[in-house]
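I opened the notebook to record what I looked up in this structure. The entries follow in the order of looking.

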Amino acid sequence: MRCPMQIPGHIDPVVTPRSVTPREDGRVDLMGLTKLQIRDCLAEAGLDAKAAKLRSKQIFHWIYHRGVTDFAGMTDISKTQRPFLAEKFVLGRPQVVEAQVSEDGTRKWLLRSDDGQDYEMVFIPDADRGTLCVSSQVGCTLNCRFCHTGTMRLVRNLTPGEIVGQVMLARDALGEWPKGNMAGFGDDDGAEDEGDVGNYRSDGRMLTNIVMMGMGEPLYNFDNVRDALKLVMDPEGLSLSKRRITLSTSGVVPTMAKAGAEIGVNLAVSLHAVTKEVRDEIVPINRKYGIEELLQACADYPGANNARRITFEYVMLKDKNDSDDDARELVRLIKQYDLPAKVNLIPFNPWPGAIYECSTPERIRSFSNIVFGEGISAPIRTPRGRDIDAACGQLKTAAKKMNRAELDRLADEKSAQLEGSAD
Ligand code: SAH
Ligand code: SF4
């Protein structure tokens, strides 16, 4: 197998220029590659099979488990070999264009890829956890009518390196890489390196959970999201439990079973409406995969049980989807499909040009009570980071502001594309 970064990427419904690597300076970015792929890159660079295998194991550990960004810091690789590696390879990170902190402690980063694409990630600290909200695409091909990201044209899918790079960057920013020596990874040039003493520290971290709820529809970038999350879950990599990772989809039904089988993380589904009429309007992918199909795919999702329930996200839109009847129908549907479910009620986060308003607090409370009353958990989410436009559905980086007519035209275009696309 040749070095994978030279192979054009998987193409989902949208064009994915796979790569910016090898970069202009000829070096290959190892970020986002598996151990096997790193081994192939090393072999291509001239290492014999045995050396490539050993080094790939070491380099993998340094990249994903220790967060090292420089070959000079790889203390178990001989000092003479480190400059050679640095000549051939880099360990990139997304470039940070802007970092903002909300008054409630939420942080948002505007990131830029090597080819100049902007995307965002958000970190939400809570008393008992810290959640990183990761983007999967620059923009989105879908056009949920209440979502600011949906008003961007899709620019491209993010690569595995750009997706896992968000998690790595967050760990950099939070200072959460393990310190200390690595059991089983002795220095093969025999020298004791400074700064590599002390104990491995993996607990007490701020970043404990990951949600694929940033920009984009993760199941329209399946392969890259899967490859990135595998690195995040790998015990020799970032080592985060799949139980602490949630993938949110607007309902790409044909890919849901695959996500369960090949990724196996928690599932969140952006349901948002209980009738065809309303869901067709606010989540247009519903015209392609209807509510029944979607709920059946949820019932079939592997690993869903009462301990690992499926989350249904439900944005509260005034006079659109927020009546008591809607709440009762939601309960009926969940029971009909016998789903181990919880419902997250998300107060609508406004953005300039949005055509909806948020339901009143009393309405949301009443909706929540009905669902809770039937034994299904339905907490009301507190919006976080609204002051820095970091709340659900507010992420949008394209500088161009569209007026109402342009927004409507874009919505029509995207819907036509959706209806016309084969899959
Ligand atoms: N594309 C995926 C993941 C991203 S968004 C999906 O649609 O599931 C994370 C959640 O925020 C989704 O449930 C989305 O529908 C919701 N959301 C989008 N815009 C919103 C807004 N303006 N206010 C509140 N929630 C919003
Ligand atoms: Fe895309 Fe999700 Fe926004 Fe819908 S809610 S437009 S799928 S990012």
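What volume does the largest cavity have? I read about 90 Å³ for the largest cavity. This is a predicted model, in which local features need pLDDT of at least 70, side-chain atom pairs count only at pLDDT 80 or more, and totals for chains, interfaces and linings use all residues. Residues are numbered from 1 along each chain as its sequence is written, chains are lettered from A and ligands numbered from 1 in the order in which they are written, and side-chain values use heavy atoms, with hydrogens and water left out.

Entry: cavities. A cavity here is a set of points on a 1 Å grid over the protein atoms alone where a 1.4 Å probe fits but cannot get out, and its lining residues have an atom within 4 Å of a point. Grid points are joined across faces, edges and corners, and a volume is the space filled by probe spheres set on the points. I counted four cavities of 30 Å³ or more by this rule. The largest cavity has 13 lining residues, and nearest its centre lie Asn-143, Arg-145, Thr-151, Trp-351 and Arg-404. I then looked up the second largest cavity, which holds about 50 Å³ of space. Its lining includes Asn-266, Leu-267, Tyr-301 and Arg-308.

Entry: ligand 1. I found 21 residues around ligand 1 (a heavy atom within 4 Å of it). The closest are Phe-146, Gly-216, Ser-248, Ser-270 and His-272. Next I looked up polar contacts, which are pairs of N or O atoms within 3.5 Å; within protein, one must be able to donate a hydrogen and the other to accept it, and residues adjacent in sequence count only if both atoms are side-chain atoms. A polar side-chain atom of Ser-248 is 2.6 Å from an oxygen atom of ligand 1. Polar backbone atoms also come up: one of Gly-216 lies 2.8 Å from a nitrogen atom of ligand 1, and one of Asn-349 lies 2.9 Å from a nitrogen atom of ligand 1. Taken alone, ligand 1 exposes 530 Å², and the protein buries 95% of that (Shrake-Rupley method, 1.4 Å probe).

Entry: Ser-359. Is Ser-359 buried or exposed? I noted Ser-359 as buried, at a relative accessible area of 5% (buried means under 20%, with a 1.4 Å probe and protein chains only). The side chain of Ser-359 makes a polar contact of 2.9 Å with the side chain of Asp-322. The side chain of Ser-359 also reaches the backbone nitrogen of Leu-317, at 3.4 Å.

Definitions and conventions
On a 1 Å grid over the protein atoms alone, a cavity is a set of points where a 1.4 Å probe fits but cannot get out, and a pocket is an open set with protein on both sides within 12 Å along at least five of seven lines; lining residues have an atom within 4 Å of a point. Buried means under 20% relative accessible area, exposed over 50%, partly exposed in between (1.4 Å probe, protein chains only).
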